[in-house]
Amino acid sequence: MTTPIDPKRTALLTIDLQNDFLHPDGAYGRAGQSAEAITALPARIRPIADALRAQGGTYISAQFTLVPGPSGAPLIAPHLKELRPFLGKGDFAPGAFGHDLVDALAPADYTIEKVAYSALYQTRLEYILRALAIDTLIIGGIVTNGGVASTVRDAHLRNISTVLLSDGCAAFRQDVHDATLVSLGSITPILTCAEMLEALA
């Protein structure tokens with residue numbers, strides 16, 4: 001990175017680091033859908049949240065949300081239902097255990113419910129950033145090729161600066177993660193978590 005980070009104008013934004021994805025009792029854990037690279041993320045990201053907050057920065061958690069329909073079954077996109085047929089009533093529902101940020105990172109300063117891949121699509125995130133005069137996002141979370149990539153690209157379109165944490169995000173396959181980092185390198189600086197901590201020191 002060539003431009004120093006101003007912590008007071010910066011937020012750490014994590015994508016989908018919630019119990020239904022990471023906890024053994026969550027929706028993905030019950031379905032046997034987990035990856036070591038994903039479960040390792042909260043412990044790796046927590047020091048960045050602490051360091052940024054100590055200098056006046058902000059931590060925002062964006063959490064994937066399935067809105068319950070009239071019967072209680074989630075309003076779910078057809079492609080997602082086909083990809084993840086195990087998702088059902090109560091999964092990723094606002095206020096439920098599975099929807100909550102994992103304990104290792106809780107609580108965030110702000111929580112954003114997101115209904116699509118990008119944390120900026122039809123959410124209040126951009127309003128919060130403008131209200132707090134935040135113009136830079138440090139981004140980590142899951143999955144690299146889904147919510148993370150979509151949010152980075154969406155921020156780029158809105159002239160919001162980003163820094164992507166190369167080992168602060170993960171996918172279910174390492175080759176997909178690696179390829180996504182290559183593709184995003186043209187629009188965002190990419191640092192390891194250790195390099196980010198050094199930049200914040």
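Two residues are in contact when they have heavy atoms within 4.5 Å. The exercises below use a predicted model.

**Exercise 1.** Decide whether Ser 166 is buried or exposed, and find which residues Ser 166 is in contact with beyond its neighbours within four places in sequence.

Solution.
1. Locate the residue: Ser 166 belongs to strand β5, which covers residues 161-170.
2. Its relative accessible area is 16%. Buried means under 20%, so Ser 166 is buried.
3. With neighbours within four places in sequence set aside, the contacts of Ser 166 are His 177, Leu 181, Ile 190, Leu 191 and Thr 192.

**Exercise 2.** Describe the surroundings of Leu 137.

Solution.
1. Leu 137 is part of strand β4, residues 136-142.
2. A relative accessible area of 0% places Leu 137 among the buried residues.
3. Leaving out residues up to four places away in sequence, Leu 137 touches Ala 11, Leu 13, Leu 129, Ile 160, Ser 161, Thr 162 and Val 163.
4. Ile 60 is 77 residues from Leu 137 along the chain, and their C-alpha atoms are separated by 9.5 Å.

**Exercise 3.** Compare the radius of gyration of the protein chain with that of a compact globule, then describe the chain as a whole.

Solution.
1. For 201 residues, a compact globule would have a radius of gyration near 17 Å.
2. The protein chain has 16 Å, so the value agrees.
3. Buried residues account for 48% of the 201 residues.
4. Of the contacts with a separation of 6 or more, 78% join residues 24 or more positions apart.
5. The secondary structure consists of nine helices and six strands.

Methods. Residues numbered from 1 in each chain as written. Predicted model: local features only at pLDDT ≥ 70, side-chain atom pairs only at ≥ 80, totals over all residues. Heavy atoms only, no water. Helix = DSSP H or I, 4+ residues; strand = E, 2+ residues; numbered from the N terminus. Buried < 20%, exposed > 50% of the residue type's maximum accessible area, 1.4 Å probe, protein only. Rg over C-alpha atoms; globule rule 2.2 N^0.38 Å.
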